[in-house]
Amino acid sequence: MIENLIKNELKTYYPEMIKLRRYMHMHPEVSFNEKNTAEFIKNYLLEIGIKDIKTNVGLHGIVARIKGQDSTKTIAFRADFDALSINDMKDTEYKSTVPNVMHACGHDGHTTALLATCKVLMDNLDKLPHDVVAIFQYGEEQAPGGAKPMIDAGCLDNVDAIFGAHLWTPLPLGTLGYSYNELCAAADRFEVKISSKENANLIAAEFVSMTQQIVSRFSKPRETLVITLGKLESTCNEASITGTIRHFDKELHKLVLDKIQKLCLSLEDENTETKIDFIYYGGYPPLINHKKGTEELLSYVPKILPQLNLKEVEPLMIGEDFAYYLENVPGAFFLIGAGNDTFAKYPHHHPNFDFEEEVMKHTASIFLSLAFNSNKVITNLKEEQ
């Protein structure tokens with residue numbers, strides 16, 4: 001049985017997975033500066049025998065293709081590898097050696113799981129029905145992200161299906177969080193700059209009040225729309241407001257942008273010698289799973305990891321640029337529990353963040369199960385298109 005092969009291979013390989021993860025954890029690099037991490041990944045892929053490796057995809061991205069028995073179909077998996085500008089406060093032997101930079105979101109675990117997937121596949125090519133593309137992505141933590149530039153550079157060429165995972169400490173180890181549709185919200189950032197001979201403080205206060213009315217007036221009860229004004233700086237003559245728009249509906253998003261721009265123009269007209277600039281920085285689109293992708297995922301998880309608790313989760317109000325892959329290729333993204341009540345109880349982006357390392361085996365097990373059954377997975381996904 002392929003399930004026994006996967007379990008035995010990952011059990012043997014687990015100590016090496018720990019070493020890989022902890023090395024990356026000790027040597028983090030922030031978004032768009034991950035040159036050494038990319039080199040580390042490339043060298044490991046070469047070491048396990050992969051020859052078809054593209055580097056500098058987009059910027060620091062790596063795309064490795066593993067040839068199966070039949071190259072007419074391809075399944076892809078993605079792992080991100082950037083870190084955050086946070087000082088690691090953990091007291092562990094593998095804490096970050098780089099001041100004010102740490103893997104505080106688990107991307108070192110994602111990368112290790114995909115490297116383990118590649119290792120097992122290379123050792124069992126005779127059992128691999130179709131090609132597998134491993135996408136190692138830079139820059140997920142900071143918009144505009146690395147996914148879109150990598151897609152523009154061809155990382156999804158000839159790919160028929162794609163899957164990705166995020167280890168998630170709010171879920172305990174042994175849990176898989178799934179969604180048949182919306183999983184992560186679009187998260188757009190904007191800034192409003194006010195310059196006025198009148199009172200900029202009062203104009204900023206009116207903008208804040210009127211912005212919240214946009215949510216109540218123009219979103220339907222079952223639509224999710226959150227406008228957060230996270231920072232306001234003002235003097236008598238100048239003010240700056242930064243905020244985010246989180247949503248799952250592109251048409252609603254267009255409407256909200258239009259209303260905010262018109263609000264700025266209206267306030268500008270109402271106040272003499274006033275100039276208001278609306279600066280839209282953009283962000284990631286909503287991450288919407290393909291229903292068949294999640295169904296395929298859930299059909300194999302109980303076979304390879306029967307002990308996992310499967311939990312349908314509410315959509316998260318966070319951005320995730322895996323959304324771009326799912327706009328181009330059918331598949332699914334899932335959350336894999338990595339938390340506990342002791343050292344892995346801290347939220348993502350916390351200076352004490354850590355996770356249960358066994359989650360890397362869980363992730364790799366699921367990827368491998370999908371890869372070794374890619375003929376059925378891809379065929380079933382095409383039925384949805």
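Biologist: Which residue in E4 is the bridge partner of alanine 64?

Modeller: This is a predicted model, in which local features need pLDDT of at least 70, side-chain atom pairs count only at pLDDT 80 or more, and totals for chains, interfaces and linings use all residues. Residues are numbered from 1 along each chain as its sequence is written, and side-chain values use heavy atoms, with hydrogens and water left out. Strand E2 (residues 61-66) and strand E4 (residues 130-137) run antiparallel and are joined by five bridges; strands (E, at least two residues) and helices (H or I, at least four) are DSSP runs numbered from the N terminus. In E4, alanine 64 has as its bridge partner alanine 134.

Biologist: What is the order of the open sheet of eight strands?

Modeller: Two strands pair if DSSP finds at least two bridges between them. In this sheet the pairing is mixed, and the order is E1-E2-E4-E3-E5-E14-E6-E13.

Biologist: Which strands stand at the edges?

Modeller: An edge strand here has a single partner strand, so one of its sides is left without a neighbour in the sheet. That holds for strand E1 (52-57) and strand E13 (309-312).

Biologist: What does the twist average from one strand to the next?

Modeller: Axes are lines fitted to C-alpha atoms, for helices over the stretch in contact, and angles run from 0 to 180 degrees between N-to-C directions. From one strand to the next, the twist averages 25 degrees.

Biologist: What angle does the direction of helix H7 make with that of E6?

Modeller: Helix H7 (residues 291-304) packs on the sheet and touches strand E5 (161-172), strand E6 (175-178), E13 and strand E14 (331-339). Contact means heavy atoms within 4.5 Å. The direction of H7 makes with that of E6 an angle of about 165 degrees.

Biologist: Are the residues on both faces of E6 buried or exposed?

Modeller: Thr175 and Gly177 lie on one side of E6, and Leu176 and Tyr178 on the other. Buried means under 20% relative accessible area, exposed over 50%, and partly exposed in between (1.4 Å probe, protein chains only). Both faces are covered, and these four residues are all buried.

Biologist: What is the length of the polar contact that joins the side chains of aspartate 80 and histidine 110?

Modeller: Aspartate 80 is found in strand E3 and is buried, with a relative accessible area of 0%. A polar contact is a pair of N or O atoms within 3.5 Å; within protein, one must be able to donate a hydrogen and the other to accept it, and residues adjacent in sequence count only if both atoms are side-chain atoms. The side chain of aspartate 80 has such a contact of 3.4 Å with that of histidine 107. With the side chain of histidine 110, the contact is 2.7 Å.
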